[in-house]
Amino acid sequence: MDSGLPLHIGIIMDGNGRWARQRSQIRTQGHLEGLKAAKRIVKAASDMGIKYLTLYAFSTENWKRAADEVGFIMGLIKQYLRNELDFYRENRIRIRHTGDAAGLPPDVQAELTSAAADTKDFEGMQVILAINYGGRNEIVRAVRKLAAGKSGADLSAISEQDITACLDNPDVPDPDLIIRSAGEYRTSNFLLWEGAYAELHVSTKLWPDWTGDDLTAALRDFQNRDRRFGGVKARDSI
Ligand code: IPE
Ligand code: IPE
Ligand code: MG
């Protein structure tokens, strides 16, 4: 892109628990502050002209946590979806979901469906909330969709494009940049298929401490990357 901005940014919002522990607070306090950081970053990204922002809010593996913590996070997500409608409207932000909706509590599913419906015509930034999301789970669901109704001969002709077309949001372009807060160098099952050629930016800062300046620093880092997609630059070819 001419602007040098990534079209699509994915963020692994990690470090809420550590943020709370550092302050001798309970983990849920970290999630509350993490939600505030998410709101700051959505506003900053929208103001910067980012078109797609995927936020990893709850993974298919996060169900392993204590029931109290899981229940608190689900409550926060519901509250966020319900209370932010004016903000989406003012900023023309479209809300979408990626992940296994069927595995979510019915009230969270209902909030997600209604936020997506209320914002579907907004032409500003698209915020894709990854909730009960796992990259492997998304691929499995895509393959199941694809295989349903296909005969043996059709199955052997399956292409990458066919699988891409059965992912949760096939019209959303692959992420150019994946950011992870809190210093861990792993994907934790985030956008495995779509992130094949994403640039990775890891920040040691814990998610609740994130501000627009951290996003700006990540974008600056991205702008200095040399993306080759497996090819070579013209100047290097002999
Ligand atoms: C990220 O923060 C939020 C979720 C995974 C839901 P964590 O809760 O993983 O925080 P740490 O990694 O324990 O610090
Ligand atoms: C990844 O963070 C998931 C989310 C941010 C929602 P985790 O805290 O679950 O990842 P691991 O356990 O450190 O790999
Ligand atoms: Mg974590």
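This is a predicted model: local features need pLDDT of at least 70, side-chain atom pairs count only at pLDDT 80 or more; totals for chains, interfaces and linings use all residues.

**Entry 1**

I started with the neighbours. Ligand 1 has 13 residues around it, and Asp14, Gly17, Arg18, Arg27 and Arg65 come nearest.

**Entry 1: ligand 1, polar contacts**

Which backbone atoms does the ligand meet? I found an oxygen atom of ligand 1 at 2.9 Å from a polar backbone atom of Gly17. For Arg18, a polar backbone atom is 2.7 Å from an oxygen atom of ligand 1. Arg27 uses its side chain instead: a polar atom there lies 2.8 Å from an oxygen atom of the ligand. I then looked up the cover, and the protein takes away 87% of the 380 Å² of accessible area that ligand 1 has on its own.

**Entry 2: ligand 1, where it sits**

My pocket search puts ligand 1 in the largest pocket. I checked which elements give two or more residues to its shell, and they are helix H1 (16-22), helix H2 (27-48) and helix H3 (67-83). H1 gives the most, with three residues.

**Entry 3: ligand 2, who is there**

On to the second ligand. I listed the residues around ligand 2, among them Ile12, Met13, Tyr56, Ala57, Phe58 and Asn62. The shell of ligand 2 divides into five nonpolar, two polar and four charged residues. Which element gives the most to this shell? Strand E2 (residues 52-59) does, with three residues.

I looked at the side chains here. An N or O atom in the side chain of Asp14 is 3.2 Å from an oxygen atom of ligand 2. Arg65 has a polar side-chain atom 3.3 Å from an oxygen atom of ligand 2, and for Arg180 I read 3.3 Å as well. The protein covers 79% of the 390 Å² of accessible area that ligand 2 has on its own. As for the space that ligand 2 takes, I find that it is the largest pocket, which is also where I placed ligand 1.

**Entry 4: salt bridges**

Last, I searched the whole structure for salt bridges and found 23. I picked one to follow up: Lys39 pairs with Glu84, with the closest N and O atoms 3.3 Å apart.

Key. Residues are numbered from 1 along each chain as its sequence is written. Chains are lettered from A and ligands numbered from 1 in the order in which they are written. Side-chain values use heavy atoms; hydrogens and water are left out. A residue is near a molecule or strand if one of its heavy atoms lies within 4 Å of it. A polar contact is a pair of N or O atoms within 3.5 Å; within protein, one must be able to donate a hydrogen and the other to accept it, and residues adjacent in sequence count only if both atoms are side-chain atoms. Accessible areas come from the Shrake-Rupley method with a 1.4 Å probe; for residues, only the protein chains shown count as cover. On a 1 Å grid over the protein atoms alone, a cavity is a set of points where a 1.4 Å probe fits but cannot get out, and a pocket is an open set with protein on both sides within 12 Å along at least five of seven lines; lining residues have an atom within 4 Å of a point. A molecule sits in a cavity or pocket if more than half of its atoms lie within 2 Å of its grid points. Helices (H or I, at least four residues) and strands (E, at least two) are DSSP runs, numbered from the N terminus. A salt bridge is a side-chain nitrogen of Lys or Arg within 4 Å of a carboxyl oxygen of Asp or Glu. Ala, Val, Leu, Ile, Met, Phe, Trp, Tyr, Cys and Pro count as nonpolar, Asp, Glu, Lys and Arg as charged, and the others, Gly among them, as polar.
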